[in-house]
Amino acid sequence: MADSARAQKLVYLVTGGCGFLGEHVVRMLLQREPRLCELRIFDLHLGPWLDELKTGPVRVTAIQGDVTQAHEVAAAVAGTHVVIHTAGLVDVFGKASPETIHEVNVQGWPSVTCCGSPWTWGRKHMPSSTFGMGRRKKLQLGHSPPPHLLPSPGTQNVIEACVQTGTQFLVYTSSMEVVGPNVKGHPFYRGNEDTPYEAVHRHPYPCSKALAERLVLEANGRKVRGGLPLVTCALRPTGIYGEGHQIMRDFYHQGLRLGGRLFRAIPASVEHGRVYVGNVAWMHVLVARELEQRAALMGGQVYFCYDKSPYKSYEDFNMEFLRPCGLRLVGTRPLLPYWLLVFLAALNALLQWLLRPLLLYAPLLNPYTLAVANTTFTVSTNKAQRHFGYEPLFSWEDSRTRTIRWVQGVESSSQ
Ligand SMILES: NC(=O)C1=CN([C@@H]2O[C@H](COP(=O)(O)OP(=O)(O)OC[C@H]3O[C@@H](n4cnc5c(N)ncnc54)[C@H](O)[C@@H]3O)[C@@H](O)[C@H]2O)C=CC1
Ligand SMILES: C[C@H](CCCC(C)(C)O)[C@H]1CC[C@H]2[C@@H]3[C@H](O)CC4=CC(=O)CC[C@]4(C)[C@H]3CC[C@]12C
């Protein structure tokens with residue numbers, strides 16, 4: 001990059017900047033993006049920790065806002081060079097309605113279903129290699145919804161705000177869930193961005209992420225205000241772990257309640273790809289930095305987020321952190337037969353539905369989480385390294401140590 005460009009003072013916006021990943025992206029930008037002059041942090045709920053950032057050399061602007069409100073998003077985006085869009089409703093436990101998940105994650109569109117009526121998306125039964133992975137091909141919608149039913153909210157608002165205000169670079173936090181595991185429970189073993197896989201979803205969360213990712217990739221090349229092309233790309237983390245990981249905290253507290261024990265539910269042979277939050281944040285920072293210079297290569301592309309974290313079952317991986325904090329995992333094999341877990345998961349779903357008018361019942365175990373936890377999904381790729389020189393910033397040992405220290409902090413703060 002030319003020296004003149006390097007000296008340029010950049011304005012970044014991070015949506016969802018107070019979330020688990022968003023906070024790490026924000027801190028990483030402040031540490032590792034020397035060209036930054038202003039950082040805008042947009043979130044529905046602003047964290048108190050933002051105050052400590054306001055004393056540094058970079059101007060930090062906290063904006064309480066809702067991505068479903070087009071005018072709020074446009075005001076936050078105006079005048080920025082880069083938008084990193086991490087905001088989203090991460091709900092696989094049935095806390096939010098499918099409509100709300102779609103509204104926040106994609107666009108306001110009542111009764112949308114990803115893989116069925118009223119509109120069938122062309123991606124159904126399409127191998128992932130034809131789904132915007134690697135190939136720069138326009139994706140086909142089976143039957144497009146009427147335009148008046150394609151209004152503003154969520155990711156669509158972010159895209160439109162970039163176009164209207166002239167922001168040229170958009171990085172979207174997608175998810176491995178865009179690919180799988182699919183409803184058939186097919187394993188995805190050491191796959192990469194071009195591995196064919198039958199991506200079929202029914203759950204609102206993966207459906208919403210898939211639709212939003214498609215919107216972002218299709219927007220690549222649109223002319224923004226001023227006539228320059230919008231450059232977009234999507235990052236697909238596998239299961240993220242690290243400081244601030246709510247589900248890890250839940251497992252930890254569950255273990256404490258059970259007298260320091262957790263009980264194996266999933267066979268150790270089912271492998272999950274996991275990635276440390278600091279490395280996911282680093283990938284976002286690098287992509288945002290390199291998009292301008294490598295627009296032709298990176299625009300419209302997807303990248304899995306990966307690092308050197310070992311492949312293990314979800315439970316065995318969590319024990320890497322929870323064991324040093326005094327918990328143990330009981331059983332070398334699942335203690336309950338799988339059919340019983342399926343039954344309990346279905347029972348939980350029924351209870352959730354029956355109790356909904358009275359209270360929110362949202363346990364960790366439901367048919368969807370059981371299916372995801374019980375399906376191998378691992379990634380092995382070097383696309384990010386080839387395209388923009390990504391190397392993990394944190395080794396596995398470092399990621400592990402940092403996460404253990406954080407869990408130990410959770411322990412002492414809850415005593
Ligand atoms: N946690 C994980 O394992 C993975 C997460 N992801 C993606 O990473 C992104 C961040 O996820 P996490 O940090 O885990 O979730 P999170 O729930 O901790 O963070 C999401 C943030 O978005 C904000 N937000 C939600 N609705 C909003 C709205 N309407 N307007 C403005 N802000 C809103 C929330 O307040 C929150 O701060 C999401 O897009 C998620 O889909 C992808 C792969 C794995
Ligand atoms: C909650 C699950 C583990 C509980 C299983 C039980 C009850 C049998 O012990 C989690 C197993 C796998 C997780 C998901 C996976 O890491 C991929 C994800 C990607 C995202 O984009 C969002 C989060 C998640 C869906 C993650 C959610 C929790 C699990 C289902």
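Q: What should I know about the model before we start?
A: It is predicted: local features need pLDDT of at least 70, side-chain atom pairs count only at pLDDT 80 or more, and totals for chains, interfaces and linings use all residues. Residues are numbered from 1 along each chain as its sequence is written, chains are lettered from A and ligands numbered from 1 in the order in which they are written, and side-chain values use heavy atoms, with hydrogens and water left out.

Q: Which residues come nearest to ligand 1?
A: L21, D43, D66, Y205 and K209, out of 25 around ligand 1. A residue is near if one of its heavy atoms lies within 4 Å.

Q: What does K209 do there, in atom terms?
A: An N or O atom of the K209 side chain is 2.8 Å from an oxygen atom of ligand 1. That is a polar contact (a pair of N or O atoms within 3.5 Å). A polar backbone atom of I240 is 3.0 Å from an oxygen atom of ligand 1.

Q: How much of ligand 1 does the protein cover?
A: 85% of the 810 Å² of accessible area that ligand 1 has on its own. Areas come from the Shrake-Rupley method with a 1.4 Å probe.

Q: Which elements give two or more residues to that shell?
A: Helix 2 (20–32), helix 6 (204–219) and strand 8 (239–241). Helices (H or I, at least four residues) and strands (E, at least two) are DSSP runs, numbered from the N terminus.

Q: On to ligand 2. Which residues are closest?
A: S175, E177, Y205, G239 and I247, with 16 residues surrounding ligand 2. A side-chain N or O atom of S175 is 2.7 Å from an oxygen atom of ligand 2. For Y205, a polar side-chain atom also lies 2.7 Å from an oxygen atom of ligand 2.

Q: Which helix gives the most to the shell around ligand 2?
A: Helix 12, with three residues. Helix 12 spans 367–373, and helix 7 (246–257) also supplies at least two.

Q: New topic. Which residues make the nonpolar surface patch?
A: W339, F343, L347, L350, W353 and L354, about 720 Å² in total. L354 is in helix 11 (residues 338–355).

Q: Why does L354 count as partly exposed?
A: Because its relative accessibility is 48%. Buried means under 20%, exposed over 50%, and partly exposed is in between (1.4 Å probe, protein chains only).

Terms used: Patch = residues over 30% accessible without salt bridge, like charges linked within 9 Å, V, L, I, M, F, W, Y side chains within 5 Å. Salt bridge = Lys/Arg side-chain N within 4 Å of Asp/Glu carboxyl O. Polar contact = N/O pair within 3.5 Å; in protein donor to acceptor, adjacent residues only side chain to side chain.
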